[in-house]
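Reader: Could you walk me through a structure, feature by feature? I'd like to see how you read each one.

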Amino acid sequence: MLCVKNGMVHDALHEEAFRADILVEDGKIKAIGENLETGSDARIIDAEGLRVYPGFVEAHGHIGLDGYGIGYEGMDYNEMNDIISPQMRGIDGVKPLDAAFPKAAAAGVTCVCVGPGSANVLGGTFTTIKTVGKRVDDMVVRDGVAMKCAFGENPKRVYKDKKDSSRMTTAALLRETLFKAKEYMEKKEAAGEDISKRPAFDLKLEALLPVMRGEIPLKAHAHAAEDIFTALRIAKEFRVKITLEHVTEGHLIVEELAKENVPLAVGPTLTSASKFELRNKSWITPGVLSQAGCQVSIITDSPVIPQEYLPLCAGLAVQAGMQPFAALQAITINPAKHAGIADRVGSLEVGKDADIVITNGCPFEISTEVKYVLIDGQEIELARH
């Protein structure tokens with residue numbers, strides 16, 4: 001048993017912080033309140049004068065798939081030989097011993113949603129993992145949370161001499177595959193238990209069945225306004241769930257996005273405009289979308305921005321006009337909802353995983369020091385390098 005005593009709790013659910021103790025047992029939050037009683041053998045963390053937050057959550061990145069400091073040889077986040085590869089699983093590429101993980105954890109980033117990149121029209125499934133561990137299977141919060149798809153410049157660039165040279169082609173390839181998956185699903189359902197009537201096994205189409213059944217969303221890479229609208233159009237055509245990733249031009253179409261009620265992951269913004277579709281990149285985007293009532297997560301797209309700078313990105317959004325509480329939610333409960341794991345992480349609530357960050361100030365400020373990080377109730381060693 002462990003108890004965090006006398007801290008100012010920012011639970012990511014209520015805007016006003018409150019003074020409380022947090023009791024942790026068996027990796028979960030057992031109680032939150034004042035003057036909680038503990039056994040004589042309980043480990044006590046005195047948080048007097050400190051702030052207590054839920055572990056920070058990344059809604060979209062590639063940490064562990066794009067290796068830290070090992071160049072091209074360490075990159076396992078794109079299948080470069082097949083533009084349609086939904087059968088890829090992010091969990092199979094994660095390197096849990098990647099040096100990026102302890103850096104992330106030391107900054108308070110305790111849970112990440114990671115998976116394939118954006119080279120392919122369909123790239124495979126994302127997984128959600130904690131940022132500590134030696135075996136990825138033991139780090140998983142939930143596997144197969146979303147199916148990556150991509151619009152815009154990346155598929156065109158990677159496959160322009162092979163398969164795809166226009167936005168129309170990208171959309172057509174996605175539609176064709178979704179049509180095939182729908183037909184495959186319907187044939188399987190019609191066959192029931194009669195194996196002889198089932199369609200020939202197809203791993204790509206099998207991988208898309210959770211999307212077609214509405215169990216997981218398409219996770220749509222879309223920077224430009226036209227790509228955002230194409231992604232929404234196709235999702236409606238096939239009646240599938242969708243989340244929008246990057247949303248670089250979201251502030252330009254905020255009225256339309258506010259109507260759609262889909263989760264938005266905004267970023268990475270702490271970079272240069274390295275391609276045409278990023279020319280309208282702005283720190284105002286998260287705040288503009290949030291103020292319009294959209295569910296906004298701020299992302300690093302790690303390692304595009306190092307994972308440990310997730311809180312800093314929230315701070316830069318605040319400087320550009322985002323409300324501080326909205327920015328906190330954008331790196332805690334909103335990404336947890338975005339990834340379908342809000343029952344486990346993203347806020348300080350009884351019954352949730354004891355992922356807790358204790359700081360000596362606002363985590364958005366570069367001068368603030370992270371004093372303690374708990375993941376599943378275990379205090380981790382803070383890597384200071």
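Author: We'll go through salt bridges, then a sheet, then the cysteines. Keep in mind that this is a predicted model.

Reader: Salt bridges, then. How many turn up in the whole structure?

Author: The general idea is to look for a Lys or Arg side-chain nitrogen within 4 Å of a carboxyl oxygen of Asp or Glu. A search of the whole structure gives 27 of them.

Reader: Let's take one. Which residue does D353 meet in a salt bridge?

Author: D353 pairs with K28, at 2.5 Å from N to O. This pair links distant parts of the chain, 325 residues apart: K28 sits in strand β3 (residues 28-33), while D353 is in the loop between α11 (333-338) and β14 (356-359).

Reader: What about a salt bridge inside a helix? Where does K182 find its partner?

Author: K182 forms a salt bridge with E186, and their closest N and O atoms are 2.7 Å apart. Both belong to helix α4 (residues 167-191); because they are 4 residues apart there, about one helical turn separates them. As for accessibility, K182 is partly exposed at 35%, and E186 is partly exposed too, at 38%.

Reader: And E249, which residue does its side chain meet?

Author: That would be R279, with 3.7 Å from N to O. Here two loops are linked across 30 residues: E249 is in the loop between β11 (242-246) and α7 (254-260), and R279 in the loop between β12 (264-266) and α8 (284-291). E249 is buried, with a relative accessible area of 4%, but R279 counts as partly exposed at 45%.

Reader: On to the sheet. In what order do the strands run?

Author: As a general idea, strands of a sheet pair through backbone hydrogen bonds, and they can do so in parallel or antiparallel fashion. In this case 8 strands make an open sheet, ordered β6-β7-β8-β9-β10-β11-β12-β13, and the pairing is mixed. At the edges stand β6 (56-61) and β13 (296-298); each has a single partner strand, so one side of each lacks a neighbour in the sheet. On average, neighbouring strands of this sheet are turned by 25° against each other, direction ignored.

Reader: Staying with β6, how many bridges join it to β7?

Author: There are 4 bridges between β6 and strand β7 (residues 109-114), and the two strands run parallel. To find your place along them, note that F56 stands opposite V109 in β7.

Reader: Last item, the cysteines. How many disulfides does the structure hold?

Author: A disulfide is a covalent bond between the sulfur atoms of two cysteines. The count here is 0.

Terms used: Residues are numbered from 1 along each chain as its sequence is written. This is a predicted model: local features need pLDDT of at least 70, side-chain atom pairs count only at pLDDT 80 or more; totals for chains, interfaces and linings use all residues. Side-chain values use heavy atoms; hydrogens and water are left out. Buried means under 20% relative accessible area, exposed over 50%, partly exposed in between (1.4 Å probe, protein chains only). Two strands pair if DSSP finds at least two bridges between them. Axes are lines fitted to C-alpha atoms, for helices over the stretch in contact, and angles run from 0 to 180 degrees between N-to-C directions. A disulfide is a pair of cysteine sulfur atoms within 2.5 Å.
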